[in-house]
Amino acid sequence: MAPLHGTSTLVRALQVVGAVLFVVSLATGGKAYFQAFDATAPAGSPLWAPLAIDVALFSAFALHHSVLARTRLKQWIHQRVGIDAERALYVILASTLFLACTQLWQPLPGTWYALTGVWWWVGAAVQAAGVLVTLLAARTLSLRELMGLDPSRQAAPQHEPPTLETRGLYTVVRHPIYFGWVLFVAGAPLMTHTRLLFAAVSVAYLVIAIPLEERSLMANFGDPYLAYRRRVRWRMVPGIY
């Protein structure tokens, strides 16, 4: 199969579909976390079945995100469909899996805590800070690239070195988008067990995935990334990890 080029009608269509799904999945996922995850199963309801379903749902999303992001597999796909099509297909599949994960998430019985008064506002402020950090970090990387509309960094000619992002929030932690995610999921004023499982599983995945991601970054950038790691100590949460 000949690689598809970014100017082809099919690739453009895939990019638009991916961008739309990206926005829809984030919007519906955010709505689910704020509203649907308030739900709890009746006291005494079976625990293990919904727990297994929820973990399986997130694992499917996480497995795709990690496996298809690895350099060797990406290069293999690039050779067959082209860089532009590969990025668009990646965004389509990732967005679809995240959409399914948040919409099919099963409620668990019980609530860990419920903040009230001034503490409710503290939790809400932490969540708002998480959203802001995520948006600022994503803007630094390029929202169009994350949406699959502009895979130019990956598509750069061979003689041009890849760009290592070290500006802004990247001077604080090496993965500020993940830091924003931690703030968002951890700051919920009402922490039902339904919401707690989603927060715990997603953060645990990030902790596991970061060393794998940094291995790929080392392969791509070499010594400049090694120097960056020495300069910015914390991976995801300042003072903790």
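In this predicted model, helix H7 (residues 176–186) is largely enclosed by the rest of the structure, because eight of its 11 residues are buried. The buried positions are Pro176, Tyr178, Phe179, Gly180, Val182, Leu183, Phe184 and Val185.

In soluble globular proteins, nonpolar side chains tend to be buried together. The largest nonpolar core of the model comprises 31 residues, of which Tyr33, Phe58, Trp105, Phe198 and Met236 touch the most other members. At least two residues of this core are supplied by each of H1 (9–34), H2, H4 (83–104), H7 and H8 (193–221). Helix H8 provides the largest share, with eight residues. The surroundings of phenylalanine 198 include several aromatic residues: beyond its neighbours within four places in sequence, phenylalanine 198 is in contact with Tyr33, Phe37, Phe58, Phe98, Cys101, Thr102, Trp105 and Trp181. Another core, of seven residues, lies apart from the largest one and has Ala137, Phe221, Tyr225 and Tyr228 among its members.

Side chains of opposite charge can pair when their charged atoms come close. Five salt bridges were counted in the model. One of them joins arginine 195 to aspartate 38, with a distance of 2.7 Å from N to O. Arginine 195 belongs to helix H8 and aspartate 38 to the loop between H1 and H2, so this pair ties together parts that are 157 residues apart in sequence. Arginine 195 counts as buried, at 3% relative accessibility, whereas aspartate 38 is partly exposed, at 35%.

A salt bridge also forms between arginine 167 and glutamate 165, whose closest N and O atoms are 2.6 Å apart. Here arginine 167 is exposed, with a relative accessible area of 52%, while glutamate 165 is buried, at 9%.

Arginine 174 and glutamate 214 meet in a further salt bridge, at 2.8 Å from N to O. Arginine 174 lies in the loop between H6 (143–146) and H7, and glutamate 214 lies in H8, so the pair connects parts that are 40 residues apart in sequence. Both arginine 174 and glutamate 214 are buried.

Aspartate 54, located in helix H2 (residues 48–67), is buried but has no salt bridge. The nearest side chain of opposite charge, that of arginine 195, is 12 Å away. A polar atom of the aspartate 54 side chain does, however, lie 2.6 Å from the backbone nitrogen of glutamine 106. Not counting residues up to four places away in sequence, aspartate 54 touches Leu104, Trp105, Gln106, Leu108 and Leu197.

Notes: Residues numbered from 1 in each chain as written. Predicted model: local features only at pLDDT ≥ 70, side-chain atom pairs only at ≥ 80, totals over all residues. Heavy atoms only, no water. Helix = DSSP H or I, 4+ residues; strand = E, 2+ residues; numbered from the N terminus. Buried < 20%, exposed > 50% of the residue type's maximum accessible area, 1.4 Å probe, protein only. Lys, Arg positive; Asp, Glu negative; His and termini not counted. Salt bridge = Lys/Arg side-chain N within 4 Å of Asp/Glu carboxyl O. Polar contact = N/O pair within 3.5 Å; in protein donor to acceptor, adjacent residues only side chain to side chain. Contact = heavy atoms within 4.5 Å. Core = buried A, V, L, I, M, F, W, Y, C linked by side-chain atoms within 4.5 Å.
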